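Hi,

Here is the structure I promised to pass on. Have a look at it first, and then read my notes below.

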Amino acid sequence: MDTFSPVQTLAPGDHSLAPRDIPAEPFRLTPRELDAYLARIGLGRPRAADLPTLVALHHAHVTSFTWEAIDAFMGWPVDPHPHAAFAKMVDGPRGGWCYEMNGLFGAALAALGYKVTRLCAGVRRAELGDMAVGNHLTLRVDLDQPWLAEVGLGDAILAPVPMRLGAVEQYGRAFAIAEADGGWLRFHNHRHGAAPSFDFRPGHCDEAALAAAHEMLIRDAGSPFLRNLVVQRHAPGRTEGIFNHTRRIVTDAGVEERPIADAREFARLMREVFQIEVPEPEAVWARVVETERDWLAA
């Protein structure tokens with residue numbers, strides 16, 4: 001089992017908020033699904049639902065699956081239920097976005113005996129205000145204290161972090177949890193992160209808000225995921241990303257951006273770098289070209 005151990009620097013004292021809402025019964029993978037999921041991320045059945053196992057599972061998940069919103073970009077059906085995410089990501093093999101990545105991970109953790117709460121969060125709430133609430137699903141796992149388990153941001157933490165105020169350093173990148181307005185906490189991504197932050201409350205679960213935001217993100221013309229192709233994956237020593245026609249590589253040295261030449265290179269990157277099987281890669285690339293043409297004409 002992977003024993004990745006992040007370096008963490010945290011402010012003294014527990015500043016977590018008390019839960020405000022009673023979570024619904026958590027989704028759980030079936031025993032068959034759980035075995036297939038663990039095989040997909042390269043781990044065997046853990047002996048205990050403890051912190052070392054959670055760290056190993058978190059690291060294995062984010063390094064085994066690609067964050068991608070290709071279905072939303074293409075207007076293909078997207079089902080956020082964890083069993084649907086399992087079929088897509090484990091049987092696929094594909095990746096997923098926060099609703100699928102954190103949804104699948106939370107269902108696996110619940111099946112392993114962890115106490116998991118699905119939190120209704122908001123990416124870029126610092127800029128968008130409360131209209132952002134629900135556009136991100138994140139996870140709370142209760143052990144010796146509440147832990148933030150976050151595998152759905154695409155390029156953020158590799159291991160869970162205590163759900164309290166303070167700075168966090170992992171693999172040379174600085175993260176933090178800070179106070180925000182209205183009783184919210186703000187997770188700050190590293191300085192090269194695609195999404196700079198998301199807000200959450202340690203007890204705020206609202207499945208209706210998550211469902212409404214998911215529907216908006218796959219149908220509303222203003223959704224950033226309908227107008228932009230976004231794909232991200234953790235790799236040894238770097239984070240790989242695709243933003244429309246640009247390949248973006250983040251390392252300790254900084255950010256390198258390279259244009260993607262054509263559909264053939266795009267298909268190769270999906271296969272070899274992002275390790276997913278994308279239906280109709282030529283059609284996806286044609287949509288990238290069409291979308292950027294529309295941007296230039298606007």
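Q275 has a relative accessibility of 45%, so Q275 counts as partly exposed. In this predicted model, Q275 sits in the loop between α9 (263–272) and α10 (281–297). Its phi is positive, about 55°, although Q275 is not a glycine.

R124 is another non-glycine residue with a positive phi, here about 60°. You will find R124 in the loop between β2 and α6 (125–128), and its 31% relative accessibility makes it partly exposed.

One more backbone detail: the peptide bond between G92 and P93 is cis, with omega about -5°. P93 belongs to the loop between α4 (82–89) and α5.

Now to the sheet. Eight strands make up an open, antiparallel sheet, ordered β5-β4-β3-β2-β9-β8-β7-β6. β2 (residues 115–123) and β9 (residues 197–200) run antiparallel and are joined by two bridges; V123 has F198 as its bridge partner in β9.

Finally, do look at R186 in strand β8 (residues 185–188). Is R186 buried or exposed? With 14% relative accessibility, R186 counts as buried. Its side chain makes a polar contact with the side chain of D199, at 2.6 Å. Beyond four places away in sequence, the residues R186 touches include R125, A178, D181 and F198.

Best wishes

Terms used. Residues are numbered from 1 along each chain as its sequence is written. This is a predicted model: local features need pLDDT of at least 70, side-chain atom pairs count only at pLDDT 80 or more; totals for chains, interfaces and linings use all residues. Side-chain values use heavy atoms; hydrogens and water are left out. Two strands pair if DSSP finds at least two bridges between them. Helices (H or I, at least four residues) and strands (E, at least two) are DSSP runs, numbered from the N terminus. Buried means under 20% relative accessible area, exposed over 50%, partly exposed in between (1.4 Å probe, protein chains only). A polar contact is a pair of N or O atoms within 3.5 Å; within protein, one must be able to donate a hydrogen and the other to accept it, and residues adjacent in sequence count only if both atoms are side-chain atoms. Contact means heavy atoms within 4.5 Å.
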